[in-house]
Amino acid sequence: MNRLLLTFCGLLLLPFAARADHITGGEIYYTLLGNNNGNYEYRITVKVFMRCNSGRTFNDPTTISIFTKGTGARVSDHSVYLARTETIQLTDPNKCITDPPLVCYNVGYYEFVATLPPSATGYQIAAQFVYRIAGIRNLVSFYNNIGATYTAEIPANTGNAWINSSARFVGSDLVAICANNNFSYSFAATDSDGDELRYSFCDAFQGGNFRNGMSVPPDAPPYNSVPYNSEFSGGSPLGPNVKINTSTGLITGTAPDEGVYVVTVCVEEIRNGRVIAVQRKDLQIFIASCTIASASLEASYQLCEASKTLNATNNSVSPLIRTYNWELLDRSGRTVTASTTQAFNHEFADTGLYQLKLVVNRGGECSDSNTAPVRVYPGLQPKFATEGVCAGRPTQFSDQSTTVYGRIDSWSWDFGSNTEGEAMLSTPSPSFVFRGSGTRQVRLTVATSLGCSASALQPVGITDKPPLNLAFRDTTICIGDEVQLQARSSGNYQWTPQTSIRSGGTTGNPVAAPRSTTLFVAQINQDGCINQDSVLVRVEAGVRLQVNADTTICLGDTVQLRTISNALRYAWQPTTTLLESDVANPFITPTDPVTKYTVTGQIGGCTETASVNVYTVPYPMVNAGEDTVICFNTAALLQGSSDGNRFAWSAGTTLSNPTNLSTGARPTATTAYVLTAIGNKGCPKPAYDTVMVRVQAPVQAFAGRDTTVIVGQPLQLQASGGDLYQWTPATGLNDGQIANPIAQYTESMGGRVRYTVKVQTPEGCSDTASLEVRIFETGATVFVPSAFTPNNDGLNDLLRPLAAGMRQLELFSVYNRWGQLVFSSRDGRGWDGTIGGQAQGPGVYVWLVKAVDFNGKPHVQKGTVTLLR
């Protein structure tokens with residue numbers, strides 16, 4: 001039973017998975033077939049777009065509904081099966097596009113015939129699908145699984161309007177659009193009735209749901225807009241740089257950043273000067289990260305606000321662009337300046353209308369050109385003011401923009417929503433009704449008679465009640481005093497209770513004189529929009545004031561005085577040692593042995609005074625002594641002093657007696673020793689002082705390595721590790737007090753000398769090292785043993801040359817009895833009796849040495865050696 005239940009649940013989930021995140025657009029159009037016994041027959045087509053390779057399927061069937069226009073009453077529901085599908089794909093993108101995107105749709109068609117009686121209001125056809133693809137860039141980011149509603153309108157049966165077939169969109173859906181590049185996209189439509197067509201961007205609708213895996217009839221109108229984010233709206237779905245031609249339906253401009261954007265275009269059918277119906281097309285357009293080799297300029301460049309410097313770049317960053325040719329022309333067509341740089345910059349000396357021209361890849365492949373007007377009329381400052389912020393009531397907007405050149409003759413208002421009411425979009429002072437509360441981003445765009453335009457974006461807070469800002473909500477007065485209540489807002493006021501209001505009970509700032517604690521309530525009325533708030537006025541019979549008792553502190557400390565009082569204001573004296581003199585609980589830093597602090601508390605006309613004495617006692621004197629430096633692994637004497645009666649040193653583990661003022665210290669690294677002293681004169685706090693004992697790093701003396709020389713050969717010694725040096729014995733040395741003396745020997749000095757060098761630092765830290773010099777009474781030569789035993793016993797395991805009187809050993813080579821080279825070294829390394837890791841047998845081998853003696857003469861020696869096993 002459980003297995004069957006799980007299988008059934010899985011089958012129920014399949015339709016939901018099949019319909020998720022795949023719908024990319026749709027539209028509805030119809031054709032009038034004729035009159036049948038007083039009723040009208042229409043062939044209705046619902047066209048739905050789905051992204052290719054989504055793994056999803058179209059609803060089959062789907063439910064399409066017809067409603068009475070205006071009232072939203074449901075007329076009929078039609079379960080319609082999928083009539084046909086097709087796949088459309090862009091197969092020949094422009095060769096000048098780098099990394100062109102895949103533009104591909106699966107398109108499904110639902111067709112049926114509906115018979116409708118004449119209607120005085122007309123009809124609205126609706127179809128709903130779930131869901132739009134996820135991650136749509138111009139919607140609020142946390143929204144997912146947003147459905148789609150597509151609609152079309154049948155006109156009312158007035159005049160000849162009912163004889164109508166809808167406008168039908170015919171623009172190509174296969175357009176490659178590259179982010180931040182210029183583009184055009186046609187939403188053009190045709191009308192078989194010859195009606196005038198007018199195009200505009202409009203809100204995309206959300207909606208659509210399923211029950212038990214089956215589509216259900218669409219909800220009745222009106223339909224909610226999809227949730228656009230703050231940068232976009234139904235009237236500006238691709239941002240401010242993309243416009244639609246109201247006469248042709250051609251969308252042009254500079255594409256926004258990469259992503260998927262929902263775009264809806266409404267086309268009005270106009271007959272005899274009257275709009276008889278509105279048809280809609282809704283698409284999710286993919287804008288790719290590709291680039292187009294084109295001369296892509298802004299629609300116009302306006303230096304209309306503050307700057308007179310033009311900074312222009314090609315919006316196309318295609319790697320296929322090789323050359324740039326810029327030209328700036330004045331109104332008469334004369335060249336003002338030209339440039340071949342990648343970016344164009346120019347500061348204008350005069351106002352006026354200019355033209356900027358760009359040619360890329362002139363005379364080559366992917367050559368393109370473009371021009372754009374440049375308006376230089378600085379001084380346009382858009383600005384507006386608002387009055388009234390109550391939801392459901394008119395908010396009045398007034399243009400306060402100014403311009404230096406021309407006159408402001410156009411106003412366009414965007415109130416952040418196209419669904420809350422009719423907006424007066426083309427007047428300088430419109431009135432708009434916001435239906436709900438919240439912050440709305442209102443944008444005013446003004447244009448001048450010289451073609452300049454600029455926008456001001458301003459947040460407008462809409463509330464369900466008018467703002468009522470009170471200067472304070474709680475105050476205290478003394479009996480008999482008056483207080484002025486303060487409220488800031490425009491409207492009609494009414495304060496209660498009136499019995500304690502002396503004047504101004506219907507203003508924002510009345511004067512009150514209550515005899516007892518009273519809660520005053522302010523009510524404001526803005527054209528029937530009401531809010532209220534309250535102020536509590538506490539009435540005291542007098543000032544109650546109590547300060548803390550006299551106290552003793554350590555000299556130099558900062559402490560806080562405290563009061564218990566109902567006062568509103570305070571004044572302390574003397575002020576010289578007070579950090580603040582007008583607070584209830586000030587901080588003080590007294591410097592005298594005794595200071596008397598006096599405070600006056602005030603409530604209105606009532607005052608009271610109190611005082612407190614503060615005594616100071618100095619901290620105990622403490623001195624840890626002078627900083628010192630010691631050598632590594634030696635001791636230091638710490639000598640502190642104090643007038644206290646108890647002492648303690650920190651880092652006690654390295655001290656001989658940490659509780660004595662005088663103590664020995666043997667730190668292993670630089671250490672800060674803190675001497676703490678506690679006195680018995682009244683200050684209970686300890687005093688501190690620090691002495692630093694810096695430990696020098698260990699001296700590491702080095703005298704050099706043992707070496708050999710011959711009689712008469714100069715030998716350069718080199719010691720290191722410190723600053724001062726002393727060599728002993730001084731045999732053969734030219735100077736025994738330096739790091740690098742030169743030694744030279746005669747026959748009478750013996751066969752070897754062992755030197756010891758003492759190395760010191762300026763602080764007196766020292767170390768010693770030694771080396772041995774063997775002296776040969778021969779000419780410059782190289783000693784090579786006559787035999788060696790490479791048996792790894794640590795004795796005679798290597799055949800190694802010993803140079804005497806040589807400046808450099810250049811080569812040491814060993815050959816076998818057949819003259820084959822078995823070993824060679826240029827750095828004095830010895831031979832271990834192996835070749836390639838294989839031990840060689842016993843026998844006689846020939847060696848060769850090449851060297852340079854201490855006089856710079858080449859030296860060559862040969863000999864034999866016996867390898868013994």
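In which loop is the place of Ser294? Ser294 lies in the loop between β21 (291-292) and β22 (301-303), strands being DSSP runs of E of at least two residues, numbered from the N terminus. The model is predicted, so local features need pLDDT of at least 70 and side-chain atom pairs count only at pLDDT 80 or more, while totals for chains, interfaces and linings use all residues. Residues are numbered from 1 along each chain as its sequence is written, and side-chain values use heavy atoms, with hydrogens and water left out.

Ser294 has a relative accessibility of 11% and counts as buried (under 20% relative accessible area, with exposed over 50% and partly exposed in between; 1.4 Å probe, protein chains only). Residues up to four places away in sequence aside, Ser294 touches Asn181, Asn314, Ser316, Ile321, Val360 and Asp368 (contact: heavy atoms within 4.5 Å).

The largest nonpolar core has 39 residues; such a core is a set of buried Ala, Val, Leu, Ile, Met, Phe, Trp, Tyr and Cys residues joined through side-chain atoms within 4.5 Å. Tyr185, Phe187, Ile251 and Val265 touch the most other members. Strands that each supply at least two residues of this core include β7 (104-116), β12 (182-186) and β19 (259-271). A second, separate core of 26 residues includes Tyr40, Val46, Val80 and Ala148. Beyond its neighbours within four places in sequence, Tyr185 is in contact with residues including Ser172, Asp173, Gly249, Ile251 and Leu283.

Leu450, in the loop between β33 (438-448) and β34 (453-462), is partly exposed, at 31% relative accessible area.

Note on methods
Helix = DSSP H or I, 4+ residues; strand = E, 2+ residues; numbered from the N terminus.
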